[in-house]
Amino acid sequence: MDREVLDFAVDLAERAGALAAERFFGGGARVSLKPDGSEVTEADAAVEELIRAELARQVPDDGVHGEEGGASEGTSGRRWVIDPIDGTYCFARGIPLFSTTLAVEDEHGPAVGVIHEPVTGRTTFAGRGRGCLRSVGARVVPVRVSDRAVLGGARTAAANPGTWSEQLLLALHREVFLLPLGDTACLVAGELDAFVVAGAPVGYEDLAPLPVIVREAGGRITDLNGDPVLSGDGTVLATNGLLHDDLLALVRGVPHARDRRTSNGA
């Protein structure tokens, strides 16, 4: 992957994240609902507009797919995928757990992934064939997944556990150490051994940066059925690679999402 494209993606995500942080600390995030029922704030739109404007100036031939602005076709064979504020629910409630993410795809598939955390200033990024790195300010270090090969007690972050089925929660709880916080950035730095997203499916924009980041850090990522995550069912299983097959076997045949009819007494 072209190093200039990677550097540009990192710089752009960090500049966009600065705007997200400005809006976050400024308070008063006005929340509205999109047609699918998910939340959106004015900051989501403003951050995506900043990214789109810069892409139009710097790489006008590239395609763009954004969570808020939809898709525009390009002619270069390259596409940028934008999630301006990944974690709008937290952002809108003053909880500093959100990120700005970018991905670049080309004719060979995922090429660049960037996860920038505006509040901490931490950026996790990878380019295909260039390894996975973490930066905080001027300090940039390579990161890699853990070497844990034993499933019992493996540190496993659970995303959206309130939407998980009881069977999935129980299957994992019996074997691993479930944590309510943590994400892909923690996994690829070896701070977690696995990361699971289930229940409420996540969108393509949330998933797009993950394959190249996880693979360049030495890990493995699929959905909970073992299918490629970008074309799967909206669930995520990201691991250090050593635990992946064991975790897939553990959840095989287990319902992923809570039965809302049952939980509502229907």
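This is a predicted model: local features need pLDDT of at least 70, side-chain atom pairs count only at pLDDT 80 or more; totals for chains, interfaces and linings use all residues.
A residue counts as exposed when its relative accessible area is over 50%, and as buried when that area is under 20%.

The side chains of Glu-54 and Arg-57 meet in a salt bridge with an N to O distance of 2.5 Å. Both residues belong to helix 2, where they are three residues apart, or about one turn of the helix. Helix 2 itself has 17 residues and spans 25 Å from its first C-alpha to its last, close to the 24 Å expected. Its buried residues include Ile-51 and Leu-55 as well as the charged Asp-44, Glu-48 and Glu-54. Through shared partners, salt bridges also join Glu-54 and Arg-57 with Asp-11 and Arg-15 into one network.

The structure holds twelve salt bridges. In one of these, Asp-7 pairs with Arg-3, with the closest N and O atoms 2.8 Å apart. About one helical turn separates the two, because they are four residues apart in helix 1. Both ends of this pair are partly exposed, Asp-7 at 37% and Arg-3 at 38%. Another salt bridge connects Asp-193 to Arg-155 at 3.0 Å. This pair links distant parts of the chain, since Asp-193 lies in the loop between helix 5 and strand 13 and Arg-155 in strand 11, 38 residues apart. Asp-193 is buried, with a relative accessible area of 0%, while Arg-155 is partly exposed at 30%.

A polar contact of 2.8 Å joins the side chains of Glu-117 and Arg-122. Beyond its neighbours within four places in sequence, Glu-117 is in contact with Phe-98, Ser-99, Arg-122 and Ala-185. Its C-alpha is 9.1 Å from that of Ala-21, although 96 residues separate Glu-117 and Ala-21 in sequence.

Finally, strands 9 and 10 run antiparallel and are joined by four bridges, with Val-136 opposite Arg-139. Two residues lie between the strands of this hairpin, where Gly-137 takes a positive phi near 65 degrees.

Conventions: Residues are numbered from 1 along each chain as its sequence is written. Side-chain values use heavy atoms; hydrogens and water are left out. The expected span of a helix is 1.5 Å times one less than its number of residues. Buried means under 20% relative accessible area, exposed over 50%, partly exposed in between (1.4 Å probe, protein chains only). Two strands pair if DSSP finds at least two bridges between them. Contact means heavy atoms within 4.5 Å. A polar contact is a pair of N or O atoms within 3.5 Å; within protein, one must be able to donate a hydrogen and the other to accept it, and residues adjacent in sequence count only if both atoms are side-chain atoms. A salt bridge is a side-chain nitrogen of Lys or Arg within 4 Å of a carboxyl oxygen of Asp or Glu.
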